[in-house]
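Let's take a walk through this protein together, pockets and charged side chains included. Have a look at the model first, then read on.

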Amino acid sequence: MEIERKFRLERFPEQLPLLEKSVVCQGYLSTRPAVRIRSSEKNGQMSYILCIKGKGTLVREEVELPLEEDTFLRLKNLLPGEMIRKDFRVYQLPDGNRLECSLVDEGTPTAFFYAEVEFESVEKANTFLPPDFLGEDITELPGSSMSAYWEKTRLVEKLDCNKG
């Protein structure tokens, strides 16, 4: 089970301790339910994950399974659109929570920042007071998921090609 709140972000935080930094690429085999593959490079090491997410916003089921590189590459060939690139960083918040921040598709017209905080319980998620630098809470905002972004930015060309 995943319990998380999601926020708009203007840039990576400068005032917080940096815990982790990596480059993540992800693509969606399906968006309903969200079935994605993800590769991550951290400290020169690659990892590959299959992730399935259920319905929901604040709370939803999430299953992550490790993949071998060859399986990842075979699944990547099945993607109906290009992968999303995320510059991913994790920071320590003063209250002890971890703030996961991403810069999505840097250098493109659709680039944006967002942040997530995962919680152990719904109560902790609901009582969390976000630091001032975090923007709007978009947890419940329709269309704010990464799968929605992927559909909007990656499937447009495929749909346009079918019009002719």
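This is a predicted model: local features need pLDDT of at least 70, side-chain atom pairs count only at pLDDT 80 or more; totals for chains, interfaces and linings use all residues.

Residues are numbered from 1 along each chain as its sequence is written, and side-chain values use heavy atoms, with hydrogens and water left out.

Start with the largest pocket, which has a volume of about 1100 Å³. A pocket here is an open set of points on a 1 Å grid over the protein atoms alone, where a 1.4 Å probe fits, with protein on both sides within 12 Å along at least five of seven lines; lining residues have an atom within 4 Å of a point. The volume is the space filled by probe spheres set on those points, which are joined across faces, edges and corners. Among the 46 lining residues, Glu 4, Arg 36, Lys 53, Arg 60 and Glu 116 are the closest to the centre. Sorted by class, the lining has 19 charged, 16 polar and 11 nonpolar residues. For that count, Asp, Glu, Lys and Arg are charged, Ala, Val, Leu, Ile, Met, Phe, Trp, Tyr, Cys and Pro are nonpolar, and the others, Gly among them, are polar.

The second largest pocket holds about 300 Å³ of space. Of its 16 lining residues, Arg 8, Phe 112, Ile 138, Gly 143 and Ser 144 sit nearest the centre. Strands β1 (2-9) and β9 (112-118) and helix α3 (146-154) each give two or more residues to this lining; helices (H or I, at least four residues) and strands (E, at least two) are DSSP runs, numbered from the N terminus. Its classes come out as 8 nonpolar, 4 polar and 4 charged.

Back to Glu 4, which belongs to strand β1. A salt bridge needs a side-chain nitrogen of Lys or Arg within 4 Å of a carboxyl oxygen of Asp or Glu.

By that rule there are 12 salt bridges. One of them pairs Lys 53 with Glu 2 at 3.3 Å, N to O, linking strand β4 to strand β1 across 51 residues. Lys 53 is buried at 7% relative accessibility, and so is Glu 2 at 4%. Another bridge joins Glu 151 and Arg 32 at 2.8 Å. Glu 151 is in helix α3 and Arg 32 in the loop between β2 and β3, so this pair ties together parts 119 residues apart in sequence. Glu 151 is partly exposed at 23%, while Arg 32 is exposed at 66%.

Now the backbone. Most residues other than glycine have a negative phi, and most peptide bonds are trans. Arg 32 and Pro 33, however, are joined by a cis peptide bond, with omega about 0°. Asn 43 has a positive phi of about 55° and is exposed, at 71% relative accessible area. Asp 105 also has a positive phi, near 50°, but Asp 105 is buried at 7%.

Notes. Buried means under 20% relative accessible area, exposed over 50%, partly exposed in between (1.4 Å probe, protein chains only).
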